[in-house]
Amino acid sequence: MPIPNESSSPSLRHLVGKLVVVVGGSSGMGFAVARSSLEQGAKVIIASSNKAKVDAAVTRLIQANSAFKGSVSGLTVDAKDVPSLEKFWDEVGKFDHLVWTAGDSLGMPNFLTDDLTKKLNQPDVRMFGAAFSVQYAQKMDLFNPGASVTLTGGYVAHKPRKGWTMEVAGAGAIEALTRGLALEVAPVRVNSIGSGSVETEMWAAAGPQVVEYLKAAAIQGSPLQHCGQPEEIAEAYLFMMKCPMMTGSTVYVESGALLI
Ligand SMILES: NC(=O)c1ccc[n+]([C@@H]2O[C@H](COP(=O)([O-])OP(=O)(O)OC[C@H]3O[C@@H](n4cnc5c(N)ncnc54)[C@H](OP(=O)(O)O)[C@@H]3O)[C@@H](O)[C@H]2O)c1
């Protein structure tokens with residue numbers, strides 16, 4: 001399928017030539033957003049903390065479609081570290097859309113025994129990194145007209161799971177942050193995705209048995225009997241980037257898990 005260009009029909013050219021920055025783009029949902037954005041004619045910068053992963057992801061994208069060559073590049077950034085974030089945004093310069101899927105491993109939390117001082121006393125990749133980036137981009141005038149930001153939370157904010165109280169609170173905080181930022185930086189639009197279960201490298205890192213367990217739980221918890229895939233949830237990020245009416249919203253993409 002040809003990649004849309006300036007002369008494609010209006011509905012196809014929303015992202016043509018736009019610069020989409022995907023922090024967390026070296027794997028999982030972010031990688032799928034990067035690929036879908038490239039397929040729609042965007043220029044894409046993927047970023048995460050591990051240079052080898054970033055380089056491998058750029059290579060995988062170009063192997064997937066040689067037409068992406070010249071449109072995709074990678075940068076490293078540690079979303080917990082202020083100098084690293086500042087250097088990253090200085091390198092990126094002006095851009096059109098920020099998609100934030102960066103998140104570190106959650107492990108298997110257990111609220112009743114977890115060391116809360118460790119959880120609360122350090123910058124958080126999902127919350128701090130995203131908030132700092134939006135503040136810095138606004139301060140340095142990096143948002144192009146029509147820009148958007150899409151953050152990532154989880155449907156667990158509305159369907160808590162025992163043991164996961166701090167993670168549930170974190171997901172809720174992303175929704176509140178979304179609404180606050182949407183007022184702070186308007187007319188830049190700020191939205192978030194409340195993700196359901198999606199089979200990504202984050203699961204794979206925990207080993208094949210955990211993947212099977214999570215997959216079965218996702219299917220059982222969905223009226224569709226469906227476990228989400230990265231390219232499926234990527235559609236929601238594309239919608240948030242493209243729809244000029246969306247700001248301050250969280251869209252749940254959870255295979256219906258909130259219904260049962
Ligand atoms: N998968 C699910 O079922 C699910 C459900 C609900 C919510 N979520 C949330 O959705 C987000 C994306 O999840 P995913 O499944 O796509 O995970 P993933 O495949 O593990 O991707 C996470 C990305 O974040 C990057 N990252 C981690 N620490 C970073 C740091 N300090 N600075 C910059 N980048 C960093 C990782 O790359 P590096 O290792 O190179 O840094 C990677 O690119 C996460 O916040 C996750 O908690 C996922």
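Predicted model: local features only at pLDDT ≥ 70, side-chain atom pairs only at ≥ 80, totals over all residues.
Residues are numbered from 1 along each chain as its sequence is written, and side-chain values use heavy atoms, with hydrogens and water left out. Helices (H or I, at least four residues) and strands (E, at least two) are DSSP runs numbered from the N terminus.

**Helix H6**

- Helix H6 covers residues 165–185, and its 21 residues should span 30 Å at 1.5 Å a residue, which agrees with the 30 Å between its end C-alpha atoms; the expected span is 1.5 Å times one less than the number of residues.
- The buried residues of H6 are Glu167, Val168, Ala171, Ile174, Glu175, Leu177, Thr178, Leu181, Ala182 and Val185, where buried means under 20% relative accessible area, exposed means over 50% and partly exposed lies in between, with a 1.4 Å probe and protein chains only.
- These buried residues of H6 pack against helix H4 (116–120), helix H5 (125–139), strand E5 (143–154), strand E6 (189–195) and strand E7 (250–253), a contact being heavy atoms within 4.5 Å.

**Helix H5 and Ala137**

- Helix H5 has 15 residues and reaches 20 Å from its first C-alpha to its last, close to the 21 Å expected at 1.5 Å a residue.
- In H5 the buried residues are Val125, Arg126, Gly129, Ala130, Phe132, Ser133, Val134, Tyr136 and Ala137, and what covers them includes helix H3 (82–92), E4, E5, H6 and helix H7 (201–204).
- Ala137 of H5 counts as buried because its relative accessibility is 1%, and it touches Phe95, Leu142 and Phe143, not counting residues up to four places away in sequence.
- Although Ala137 and Lys94 are 43 residues apart along the chain, their C-alpha atoms are separated by 8.4 Å.

**The loop between E4 and H4**

- Gly103 is found in the loop between strand E4 (95–100) and H4, and its 28% relative accessibility makes it partly exposed.
- Not counting residues up to four places away in sequence, Gly103 touches Val125, Arg126 and Met202; Val125 and Arg126 are among the buried residues of H5.
- The C-alpha atoms of Gly103 and Lys87, which are 16 residues apart along the chain, are separated by 20 Å.
- Ser105 lies in the loop between E4 and H4 and counts as exposed at 64% relative accessibility.
- The C-alpha atoms of Ser105 and Ala205 are separated by 8.6 Å, although these residues are 100 places apart along the chain.

**The second largest pocket**

- About 160 Å³ of space lies in the second largest pocket, a pocket being an open set of points on a 1 Å grid over the protein atoms alone, where a 1.4 Å probe fits, with protein on both sides within 12 Å along at least five of seven lines.
- Its lining, made of residues with an atom within 4 Å of a point, consists of Met1, Pro2, Pro4, Ser11, Leu12, Ser36, Glu39, Gln40, Glu231, Glu235, Leu238 and Lys242.
- Helix H1 (28–39) and helix H9 (230–242) each supply at least two residues of this lining, and the largest share, 4 residues, comes from H9.
- Ser36, one of the lining residues, has its place in helix H1, counts as buried at 10% relative accessibility, and touches Ala234 and Leu238, not counting residues up to four places away in sequence.

**Backbone angles**

- Most residues other than glycine have a negative phi, and most peptide bonds are trans.
- The peptide bond from Ala186 to Pro187 is cis, with omega near 10°, and Pro187 is found in the loop between H6 and E6.
- Asp141, in the loop between H5 and E5, has a positive phi near 60°.
- Ser255, in the segment after E7, has a positive phi near 50°.

**Cysteines**

- The structure holds 0 disulfides, a disulfide being a pair of cysteine sulfur atoms within 2.5 Å.
- Cys227 counts as buried at 6% relative accessibility, and Cys243 counts as buried at 18%.

Terms used
Points joined across faces, edges and corners; volume = space filled by probe spheres on them.
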